[in-house]
Amino acid sequence: MNIFRSRRVWQDPNAAEVVKIESGQLHLVRPGNIRSSRECIYNEAIATIRRVPSLDHNFQLVITRVYEEGDQELLEDEDETDEERVFLISEELEFRPGFGETDNQATFVWRDLDGDVDELYEFVMTEETNEPTRAFFETCMYRAMYERKYKANADSIRDQDLSQFIWKPPALKGSKANKKIVQAVSDNRSPVESSTPSSPSRKKAAKSSPAKSKAISTYAATAAEEDAQLFVWDVEMDGFVNAHDGILQAKIVERTAGDYNYWLTATNEEGDILVHKIASDMNPRWSPKTQSLTWNYYLDGTYGSWAFQFISDDAYENFKAAFARASWETLQRTPFDKIKKEPSEDEEDEEETTSPQLQGERNSQLTVGYKGDRSYVVRGNNIGVFSHSGHNQVKYYATISKISTPKGREFKPREVMLHNQDSKMVLMNPTEPHCLYNMDIERGKVVEEWKIHEDVTVDHIAPDSKFAQMTPEQTLVGASHNALFRIDPRVSGHKMVDSQYKQYVSKNKFSGVATTESGKLAVASAKGDIRLFDSIGKNAKTALPPLGDPIIGIDVTADGRWIVATTKTYLLLIDTLIGEGRYAGSLGFDRSFPANAKPMPRRLQLRAEHVAYMNHEINFSPARFNQGAGQVENAIVTSTGQYVIAWDFAKVKKGQLDKYEIKKYEDNVVQDNFKFGDDKEIIVALENNVLAINKKNLKRPTRASLVTPMAGQYSRSSIVNSPY
């Protein structure tokens, strides 16, 4: 603590504020109540130690709410609008440091003297708060306690004089099972993965007979077995409730050896009381702070949320590792121990084509114009044109009907892209995978068929650079399942530029391409990996290994620093800045990451309890950054089912991964994207409508804003005792 001897502010009696932490969150924590164990009081807050005016040797801990742009407008929708929480600093607070999700994130915890005996406040500091600041703040708290207790100045006290104020946990009594303090399973700062059945009603939660519908635990192999408690989310109680009294065995098992199908089970001495098949849509969320796993599961038309809370760190870590291994084998259908070494980028092999799928007769695609305030919505073989009329409104403008090839064969575009200053639109015809079609938007007619190559299909297209559509640039980027190439419609014959064609290892299954403002490329695959290129025709500078789930969409910030990749149930945010080694400060597009320092993706997911309220399968549309020439990206938007979802990009970069807002519609959302050059207005294409909303109309998710009518309401016992 002697780091603070040089600080003068404590000794200045005229300084009202002793120390301040500029950024954090305030939570109310109820460790003994699993039902509603964590409540976020302030999303953004400042922590300050203040002197009490005209009362010597007394200090206050003050947590002040910070309003960001737009937050003030939300206040009328909130029940509680207090701006400060003030606590008189004394030993009774039982103030102490806590632990965050990462080494650079820490917390302070103290008692809620106005609440129940086990209720706590927790201030979660962001990673910008360094260790000296945290330590100084902690020491100032102990000095304030010293002055209040002894009514004496703390300027000249020794470090050991403050040790009496360092909180020590009371000795716990009872069995090993009772020594575990139940904490919030729904920790809102933990990484999540989501997909589950709907929550039961606690009012109907009668305990079942032990002999009732118990499954016999006979399995070919057990991959993991740890002691844990089992909870289920109750939509009526708005929190997790006990699904089984006492400790049971959480297991990961195989029914048939070698078939790569794993099951998550909860077992007691009488057999299985829960059996859920491990799948990519379980939306698992791991919380090291509470040593818990939450997940979603679909059962008889209803999504629910479940949780294991493990009794030790070792049990938590062992189960997490086994779950990751089982999930990987389930997706890859191959043993985890036989992971192939990543092949070199210049290996070549024969083509494999996949048959395209046609869209239905509803709105299927949305593309937002870069110039002229237009949006275009594909519906069968028609394209609706909508004008942005201002004030968050769109207006129907015209329809381009019966899209057909120059030879008169009608088709339904599989993918479209604006081109040449929004005067043209490039169309992909699912029945002609070797061709592209150039439509003159003013004439509303396809005027050219571009034959790309006889032996190479065009599965994906992208602009030459992120804002190339705003320019007369004629070339564009094409991708097959295992090749990248440049397309130039000005050349005679085949439009592929032979000198800018590169075929890579077979079965790459490229699933999307995005370009930066300078023309560098990020290429995703259905195998889950991402490759970064500085130009077409070369090997990738960086190859990020697959995480398992297929990537269905990819976007990149204009400067290339950040990538967002979309899977069915979560988003991956990747920082391409190289942080160490000889190329530190460069981007992964220009240089290779050191083998031992590749970027760790941040996973953006919906919280399991929110999925339970929504009661439908998560299926994200490709996520997009807001974009505009010279504009800084500050939001990420996507959709699933009837919901538009936007993440606060600034907060996500600080590690606050579940800072998202949601708006529900009466119809399914097909696609959404920001209006070009605007970080507030979002254009939304529903299956049968097109509209615009302001981002401030999206709200923080609550039961009231998310809940949908349940197909069937289950009691806790009826779900627990239906393992198959």
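A residue is termed buried when its relative accessible area is under 20%, exposed when it is over 50%, and partly exposed in between, with a 1.4 Å probe and protein chains only. The model is predicted, so that local features need pLDDT of at least 70 and side-chain atom pairs count only at pLDDT 80 or more, whereas totals for chains, interfaces and linings use all residues. Residues are numbered from 1 along each chain as its sequence is written, and side-chain values use heavy atoms, with hydrogens and water left out.

The protein chain has 724 residues, of which 55% are buried, and its secondary structure comprises 9 helices and 42 strands, taken as DSSP runs (helices H or I, at least four residues; strands E, at least two) and numbered from the N terminus. The accessible surface, computed by the Shrake-Rupley method with a 1.4 Å probe, comes to about 31200 Å², and carbon and sulfur atoms hold 46% of it. Among contacts (heavy atoms within 4.5 Å) with a separation of 6 or more, 59% join residues 24 or more positions apart.

Nonpolar cores were defined as sets of buried Ala, Val, Leu, Ile, Met, Phe, Trp, Tyr and Cys residues joined through side-chain atoms within 4.5 Å. The largest such core holds 35 residues, and Ile49, Ile63, Trp110 and Phe137 touch the most other members. Two or more residues each are given to this core by β1 (17–29), β2 (38–51), β3 (59–65), β6 (106–111), β7 (120–125) and α2 (131–150), with α2 giving the most, 8 residues. Beyond its neighbours within four places in sequence, Ile63 is in contact with residues that include Leu26, Tyr42, Ile46, Phe87, Trp110 and Phe123. A second, separate core of 29 residues includes Ala224, Ile252, Phe319 and Ala326.

Phe319 and Ala326 are also among the buried residues of α5, together with Ala315, Tyr316, Ala322, Phe323, Trp328, Glu329 and Thr330. Helix α5 (residues 313–332) has 20 residues and spans 29 Å from its first C-alpha to its last, close to the 28 Å expected at 1.5 Å a residue, where the expected span is 1.5 Å times one less than the number of residues. Cover for the buried residues of α5 includes β8 (221–234), β10 (248–254), β11 (262–268), β13 (285–287), β14 (292–299) and β15 (302–310). The helix is followed by Arg333, with a positive phi near 55 degrees.

Strands were taken to pair if DSSP finds at least two bridges between them. Strand β20 (residues 415–419), with 4 of its 5 residues buried, pairs in the antiparallel sense over 5 bridges with β21 (residues 424–428), and Val416 has Leu427 as its bridge partner in β21. The two strands form a hairpin with 4 residues between them, and Asn420 in the turn has a positive phi of about 55 degrees. Antiparallel pairing is also found in an open sheet of 3 strands, in the order β40-β41-β42, whose edge strands are β40 (669–674) and β42 (689–694).

Most residues other than glycine have a negative phi.
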